[in-house]
Amino acid sequence: MTISVRKVAATAVTAVLGAALAGCGGGAAPDTGREARLGTPAASASGAPTAPAPNGAPPSPQAGAPAKAPTLAPGPNGLTPVFERAAQRTDKTVALTFDADMTSDQGPRAADGEHFDNPQLISTLRTLKVPSTIFMTGRWAEEYPDQAKSIGTDPNFEIANHSYSHHAFKSPCYGLPALDAAAARADVDRAFAAFRQAGAVNTVPYFRFPGGCYDDQALRALSTAKVTAVQWDVVSGDAFAKDPDAVAEQVLTGVKPGSVVVMHCTRSAAPVTEVAIRKIVPELRKRGYRFVKVSELIGK
């Protein structure tokens, strides 16, 4: 789970963040000067390398990377740009995002029966026709390749990169093991490769830092990956929550036009998310909100 530093004082989930981080995702935030690093909208780009085409034809995007997913222009000094809420804040749109977390060392726990997936949540999102962005780790895609393919071939969803290993890109970060710059860059590539291997094609050049932890060094390390880092402005508090009504209320209280909501797609770490969604979606629609993927918010 991840949260922005400006939201820490305003949310009651802070107390559980330390416990949530190791298996779910963090709640940290960038260092000072974040606003200066936010990118500006750029022309649509895949963020993935393109392969040369024969006979002078235009290059085709790498498999698994749609050519028209909008990204932000690089920040100062070429740093990876960061997006957390739509600049157009009058249109009543909201993006629900779900972190499909699994760390590189949790295979034995999955083998023992722990569920890091949440197929009922995905089914409910389909039934309710809620376009969503799933921030997936490569390790999750390897553990659940059929689900990764199903999500990644459904036009209702887009898959974004949440790293391969769910190790930290900045230290300290809630006890997560840290990667150096070279390893961090390779970790992103490995995750995209895992999505392709699973057969997911609706992938987008967006990245969410494990634990939400980043600084200039992390943004510099990812600059050649041509991704837009995606944070959020609304924390659902679903990590290890037991009361779906409390999760729903936290989301409903926080959402504003253009908001990005962070939730989770892991049964063991976020067991009430699906129930909360069944409360959140109809209420937001009643209030006039339209659900969109992150790519639509970035493209505004």
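The model is predicted: local features need pLDDT of at least 70, side-chain atom pairs count only at pLDDT 80 or more, and totals for chains, interfaces and linings use all residues. Residues are numbered from 1 along each chain as its sequence is written, and side-chain values use heavy atoms, without hydrogens and water.

The chain holds 11 helices and 11 strands. These elements are DSSP runs, numbered from the N terminus; helices are H or I runs of at least four residues, and strands are E runs of at least two. Of the 300 residues, 56% are buried. Buried means under 20% relative accessible area; exposed means over 50%, and partly exposed lies in between, with a 1.4 Å probe and protein chains only. Among contacts with a separation of 6 or more, 81% come from residues 24 or more positions apart. A contact is defined by heavy atoms within 4.5 Å.

Strand E4 spans residues 93-100. Eight of its eight residues are buried, so E4 is largely enclosed by the rest of the structure. Both faces are covered. One side carries Thr 93, Ala 95, Thr 97 and Asp 99. The other carries Val 94, Leu 96, Phe 98 and Ala 100.

E4 pairs with strands E11, E10 and E5. Pairing requires at least two DSSP bridges between two strands. Six bridges join E4 to E10 (residues 259-264), and the two run parallel. Here Ala 95 has Val 260 as its bridge partner. E5 (residues 132-136) pairs with E4 over four bridges, also in the parallel sense. Phe 98 is bridged to Ile 134 of E5. E11 (residues 290-291) is joined to E4 by two bridges, again parallel. In that strand, Arg 290 is the bridge partner of Thr 93.

Helix H9 (residues 244-254) packs against helix H10 (residues 273-286). The angle is about 35°, and the axes are 8 Å apart. Axes are lines fitted to C-alpha atoms, for helices over the stretch in contact; angles run from 0 to 180 degrees between N-to-C directions. The crossing is right-handed. That term applies if the near helix is turned clockwise from the far one by less than a right angle, and left-handed if anticlockwise. H9 contributes Pro 244, Asp 245, Val 247, Ala 248, Val 251 and Leu 252. H10 contributes Val 275, Ala 276, Lys 279, Ile 280, Glu 283 and Leu 284. Nine of the contact residues are nonpolar, none is polar and three are charged. Nonpolar covers Ala, Val, Leu, Ile, Met, Phe, Trp, Tyr, Cys and Pro; charged covers Asp, Glu, Lys and Arg; the others, Gly among them, are polar.

The whole structure contains six aromatic pairs. Rings of Phe, Tyr and Trp (its six-membered ring) pair if their centres lie within 6.5 Å; planes under 30 degrees apart are stacked, over 60 edge-to-face, and the rest tilted. The ring centres of Phe 169 and Phe 207 are 5.1 Å apart with planes at 55°, so this pair is tilted. The two residues are 38 residues apart and link distant parts of the chain. Phe 169 lies in the loop between strand E6 (157-161) and helix H7 (181-198), and Phe 207 in strand E7 (residues 203-207). Phe 169 is buried at 6% relative accessibility; Phe 207 is buried at 0%. Phe 209 and Tyr 214 form a stacked pair, 5.1 Å centre to centre with 20° between the planes. Phe 209 has a relative accessible area of 0%, and Tyr 214 has 0%. Phe 169, Phe 207, Phe 209 and Tyr 214 form one aromatic cluster.
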